[in-house]
Amino acid sequence: MPIKRNASAHWEGSGKEGKGTVSTASTVLNQTQYSFNTRFADGVGTNPEELVAAAHASCFSMKLAFNLQEAGFTADSIDTQCTITLDPAVGGITESHLVVKASVPGIDSEKFQAAIDDAEKNCPISKLFNTKITVDASLA
């Protein structure tokens, strides 16, 4: 059965001088501010790329946990950092780079890498992207 989640955005003004808010149905984000400065400079608030990075890091980590479980392992921890690259010259996201550090008792590097490779290709957010995805992964 399909699962649907939603969020909303409100914007006022021009692209550069305007400002907006983003909210999620769960209220984790509730009228959280975003603007030109939060996206292209260092303003206070969030931006679409930061939200996409959070989505990719969390989705990848969960898919990796499922892959490890399928292989008979349980991670003590999985820490994933995602960097989304937005290139204004091409008008789009050009890369999602994941850095993963995991503690998985008893796993060898070959099985770990297989779980990483599958998560890179098959987490739902990875499947959503039409961009280059790279991963640097290490076991603790």
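Select Phe60 and show what surrounds it: leaving aside neighbours within four places in sequence, Phe60 is in contact with Thr80, Leu98, Val100, Ile116, Ala119, Glu120, Cys123 and Val135. Contact means heavy atoms within 4.5 Å. The model is a predicted one, in which local features need pLDDT of at least 70, side-chain atom pairs count only at pLDDT 80 or more, and totals for chains, interfaces and linings use all residues. Residues are numbered from 1 along each chain as its sequence is written, and side-chain values use heavy atoms, with hydrogens and water left out.

Next, select the core around Phe60. The largest nonpolar core has 24 residues, and Phe60, Leu64, Leu68 and Val100 are those with the most contacts inside it. Such a core is a set of buried Ala, Val, Leu, Ile, Met, Phe, Trp, Tyr and Cys residues joined through side-chain atoms within 4.5 Å; buried means under 20% relative accessible area, exposed over 50%, and partly exposed in between, with a 1.4 Å probe and protein chains only. At least two residues each come from H2, strand E4 (77–87), strand E5 (92–103), H3 and strand E6 (132–139). H2 gives the most, with 6 residues. In soluble globular proteins, nonpolar side chains tend to be buried together.

Now show helix H2 (residues 48–70) with helix H3 (residues 109–122). Their axes come within 9 Å and cross at roughly 135°; axes are lines fitted to C-alpha atoms, for helices over the stretch in contact, and angles run from 0 to 180 degrees between N-to-C directions. H2 and H3 are therefore oblique to each other, the term for angles that are not under 35 degrees (roughly parallel), over 145 (roughly antiparallel) or 65 to 115 (roughly perpendicular).

To see the contact itself, select Phe60, Lys63, Leu64, Asn67 and Leu68 of H2 and Phe112, Ala115, Ile116, Asp118, Ala119, Glu120 and Asn122 of H3.

Move to Thr32, in strand E3 (residues 32–35). Is Thr32 buried, partly exposed or exposed? Thr32 is partly exposed, with a relative accessible area of 22%. Beyond its neighbours within four places in sequence, Thr32 is in contact with Gly20, Thr21, Val22 and Thr46. A distance from Thr32 to Ser8, C-alpha to C-alpha, gives 11 Å across 24 residues of sequence.

Finally, zoom out to the chain. Its secondary structure comes to 4 helices and 6 strands; helices (H or I, at least four residues) and strands (E, at least two) are DSSP runs, numbered from the N terminus. From the N terminus on, the elements run β-β-β-α-α-β-β-α-α-β. Of the 140 residues, 33% count as buried.
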